[in-house]
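Dear colleague,

Please find below the structure that I am handing over to you, followed by an account of what was found in it. I would be grateful if you read the two side by side.

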Amino acid sequence: MRQPLVAGNWKMNGSARSIELLLDGIKGSLASVGRAEVAVCPPYVYIPMVAELLQDTEVALGSQNLSQHQSGAYTGEIAASMLLDFGCRYAIVGHSERRTLYGEDDALVAAKYAAARAAGLRPILCVGEILEEREQGVTEDVVARQLDAVIELEGIEALADGVIAYEPVWAIGTGKTASPQQAQDVHAFIRQRIASRSGAVAEQVRILYGGSVKAANAADLFAMPDIDGGLIGGASLDAGEFIAICQAAP
Ligand code: PEP
């Protein structure tokens, strides 16, 4: 049985002081979280500090991005091995903000997925359609293309130890959430597509939902059979809200 994962993507938010307070709040309530694995993805510079503050907890650490390269003359970039040095377990790749604001295409996202795995990190691959694509009825085509880029580069087995996050772009930071059934339909599509190549990998891979998840809607989303937790943006910056989302994971 897949263990649910609830991961907070803090994006470019916080300060040393606010992060300390946020982690105090999260740590103080961790005992109330059931079966879910909890992870946080701070901005790069705070990763060492967060690693230290989380030392005696089960909370996993992740990055929001990474370089596709191992090392070298790539000014401003961060390599997977560096993230591993500071205790990261996860690395988000292909977040829609990276795709739209920084021009990351499927090939680059797949290369980042490969770089994370090669170093021993578990990539969290974000996929999802924009509103026009949903309205045109091409959601499945878009998600399949984004997924296939990784499968073609790395092979189907590469998904087994990774995580997929279905994040409809129209639901990210907008307050609009996909209905549990809308999300489940796409999650089921993703799992079936993987199952057509490997039933074992399809059973194992965790598929998170992301897009305006809050304490108020988390339980209904997480109750769907192919939703294995969530990638949480705005609501992960509020300890009470984030913990309530974690508690909602069955
Ligand atoms: C995200 O950025 O991954 C996300 C899901 O954001 P939000 O929860 O704020 O919609």
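Asn13 counts as partly exposed, because its relative accessibility is 34%; buried means under 20% relative accessible area, exposed over 50%, and partly exposed in between, with a 1.4 Å probe and protein chains only. This is a predicted model, in which local features need pLDDT of at least 70 and side-chain atom pairs count only at pLDDT 80 or more, while totals for chains, interfaces and linings use all residues. Residues are numbered from 1 along each chain as its sequence is written, and side-chain values use heavy atoms, with hydrogens and water left out.

Asn13 sits in the loop between β1 (5–9) and α1 (16–29). Helices (H or I, at least four residues) and strands (E, at least two) are DSSP runs, numbered from the N terminus. Not counting residues up to four places away in sequence, Asn13 touches Pro43 and Leu237, where contact means heavy atoms within 4.5 Å. Between Asn13 and Phe222 there are 209 residues in sequence and 26 Å in space, C-alpha to C-alpha.

**The nonpolar cores**

Phe222 belongs with Ile190 and Ile194 to the residues that have the most contacts inside the largest nonpolar core, which has 70 residues. Such a core is a set of buried Ala, Val, Leu, Ile, Met, Phe, Trp, Tyr and Cys residues joined through side-chain atoms within 4.5 Å. Helix α7 (residues 139–154) supplies the largest share of this core, 6 residues. A second, separate core of 13 residues includes Leu5, Cys126, Leu208 and Leu231.

Apart from residues up to four places away in sequence, Ile194 touches Leu147, Ile156, Leu159, Ile164, Val201, Ala202 and Val205.

**Helix α7 and its partners**

The axes of α7 and helix α8 (residues 180–195) come within 11 Å and cross at roughly 45°. Axes are lines fitted to C-alpha atoms, for helices over the stretch in contact, and angles run from 0 to 180 degrees between N-to-C directions. The angle therefore makes α7 oblique to α8; under 35 degrees counts as roughly parallel, over 145 as roughly antiparallel, 65 to 115 as roughly perpendicular and the rest as oblique. In this contact, Thr139, Glu140, Val143, Ala144, Leu147 and Asp148 of α7 meet Val186, Phe189, Ile190, Arg193 and Ile194 of α8. By class, the contact of α7 with α8 has 7 nonpolar, 1 polar and 3 charged residues. Here Ala, Val, Leu, Ile, Met, Phe, Trp, Tyr, Cys and Pro count as nonpolar, Asp, Glu, Lys and Arg as charged, and the others, Gly among them, as polar.

Leaving aside neighbours within four places in sequence, Asp148 is in contact with Arg193 and Arg197.

Helix α5 (residues 106–119) also packs with α7, at an angle of about 50° and with the axes 9 Å apart. That makes α5 oblique to α7.

**Helices α10 and α11**

Helix α10 (residues 215–222) and helix α11 (residues 239–247) have axes that come within 8 Å and cross at roughly 15°. The two helices α10 and α11 are therefore roughly parallel to each other. Ala215, Ala218 and Phe222 of α10 make the contact with Glu241, Ala244 and Ile245 of α11.

Yours sincerely
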